[in-house]
Protein chains: 2
Amino acid sequence: MRIDYPPAIQRLVAQLKALPGLGPRSAERLMLWLLQMRDERITALSNTLLDARERIVACADCGFFIESDSTCQLCHDPRRQQRQLCVVEQAADVLRMERSGAFQGLYHVLGGRLSPLDNVTPEDLRMEALVNRVRDLHTEEVILALGSDVEGEATASYIADLLRPAGIAITRLAQGMPAGGGLDHVDELTLYQALHGRRKMG
Amino acid sequence: MRIDYPPAIQRLVAQLKALPGLGPRSAERLMLWLLQMRDERITALSNTLLDARERIVACADCGFFIESDSTCQLCHDPRRQQRQLCVVEQAADVLRMERSGAFQGLYHVLGGRLSPLDNVTPEDLRMEALVNRVRDLHTEEVILALGSDVEGEATASYIADLLRPAGIAITRLAQGMPAGGGLDHVDELTLYQALHGRRKMG
């Protein structure tokens, strides 16, 4: 006889496993905690989630998260470079860029990337808004900070084509070795790209 | 100006980070999903959790999870070795042992391990029930399948002392190299113990 958790637990683990970033082991560990957690903490977590879902909207301009009764700190900061627009896939990517400290311009969140397999077409992304913003902001450079996988590449090409008539600079993030990593930590494609994009020293 | 998520999101991420096994990056990824998930899926997940919390109880004998209206498959399987009792810390450890296929006896879930720092004393664990079961089941061997960290060791010693009067065999899991791992994958203490517990070949 194959022993397993009772059905009620198996159902819970299955649903937790479907959450992003939770493998079988993490889902099991989380299940154990959730079962043993005090009711108050469960209620608190679920209230915080409902509260966030109610309050949070996307900024109509850049697409980053804002609370519905506030204005976007990013779009309304006059100290930011107004002529550079960094295009990212998701709202979370904005914070990743911000934490790197490398960019001082404005952002544009696409809300995903082109993916024929998942039925994501240009109409599902904020492409038209991008064209309008580039025009209204008199953008001089659009930086494509998209993933370096197939969908990311396809999305970058699509945008490059889309913005070509505007006659502005369109750039993308460099590809190469991650900081602090040795050759043994990167895959062959990364290494290929790192070699291909090599730069002169000194 | 340091950009961060709006407060409602920060609160959610903070609570998700407090869940076991979720680091900052996983919590952020989970937050993004939870915010974008359809209401039906959120409701389904929360109902599954409530359902599991309502139905699931610990078996009064072994301490493994059972649904409250059913009997324990493990305790009531006559084909299992009735004279061997495997002591584990948590209910989830029972399944880990079962998946290994190495054990055919009965289990006893302690419900934790001794930890003075966390105020976990013998009274908080199912120690008395263990003594009673060893007597009632005429147990011949108690196998301590506890963690090999300080608290696990302390708990094992405590149980060994507790059961000494019963005059039965008390064993513990071997310590050594994990299967499939090279020397470069284990820490020094594991290596020390693996060397110390080395066995003759052939």
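# A tour of chains A and B

Start at Arg99(A) and Glu28(B), whose side chains meet in a salt bridge, N to O at 3.3 Å. (A salt bridge here is a side-chain nitrogen of Lys or Arg within 4 Å of a carboxyl oxygen of Asp or Glu.) Before you go on: this is a predicted model, in which local features need pLDDT of at least 70, side-chain atom pairs count only at pLDDT 80 or more, and totals for chains, interfaces and linings use all residues. Residues are numbered from 1 along each chain as its sequence is written, chains are lettered from A and ligands numbered from 1 in the order in which they are written, and side-chain values use heavy atoms, with hydrogens and water left out.

**Stop 1: across the interface**

(Helices are DSSP runs of H or I with at least four residues, strands are runs of E with at least two, and both are numbered from the N terminus.) Glu28(B) is buried at 10% relative accessible area, while Arg96(A) is partly exposed at 42%. (Buried means under 20%, exposed over 50%, partly exposed in between, with a 1.4 Å probe and protein chains only.)

Now colour the two chains. How many residues of chain A are in contact with chain B? There are 54, and they touch 54 residues of chain B. (Contact means heavy atoms within 4.5 Å.) Together the chains bury about 5,100 Å², 65% of it on carbon and sulfur atoms. (That is the accessible area, with a 1.4 Å probe, that two parts lose on being put together, summed over both.) Pick Ile3(A), Pro20(A) and Arg53(A): they supply 13% of the area that chain A buries against chain B, more than any other three residues.

The rule finds eight salt bridges across this interface. For a network of them, select Arg11(A), Asp51(B), Arg55(B) and Glu67(B).

**Stop 2: two pairs inside chain B**

Select Glu98(B) and Arg80(B), a salt bridge with its closest N and O atoms 2.6 Å apart. Glu98(B) sits in helix α4 (residues 91-100) and Arg80(B) in the loop between β2 (65-67) and β3, so the pair ties together parts 18 residues apart in sequence. Glu98(B) is buried at 14%, and Arg80(B) is buried too, at 7%.

Next come Arg113(B) and Glu89(B), a salt bridge at 3.7 Å between the closest N and O atoms. Arg113(B) is partly exposed at 27%, whereas Glu89(B) is buried at 10%.

**Stop 3: strand β5 of chain B**

Show residues 141-145 of chain B. Four of these five residues are buried, so the strand is largely enclosed by the rest of the structure. Strand β3 (residues 84-88) pairs with β5(B) in the parallel sense over five bridges; Cys86(B) has Ile143(B) as its bridge partner. (Two strands pair if DSSP finds at least two bridges between them.) Four bridges join β5(B) to the parallel strand β6 (residues 169-172).

**Last stop: Arg133(A)**

Arg133(A) is in helix α5 (residues 127-136) of chain A. Buried or exposed? Arg133(A) is buried, at 10%. Its side chain makes a polar contact with that of His108(A) at 3.1 Å. (A polar contact is a pair of N or O atoms within 3.5 Å; within protein, one must be able to donate a hydrogen and the other to accept it, and residues adjacent in sequence count only if both atoms are side-chain atoms.)
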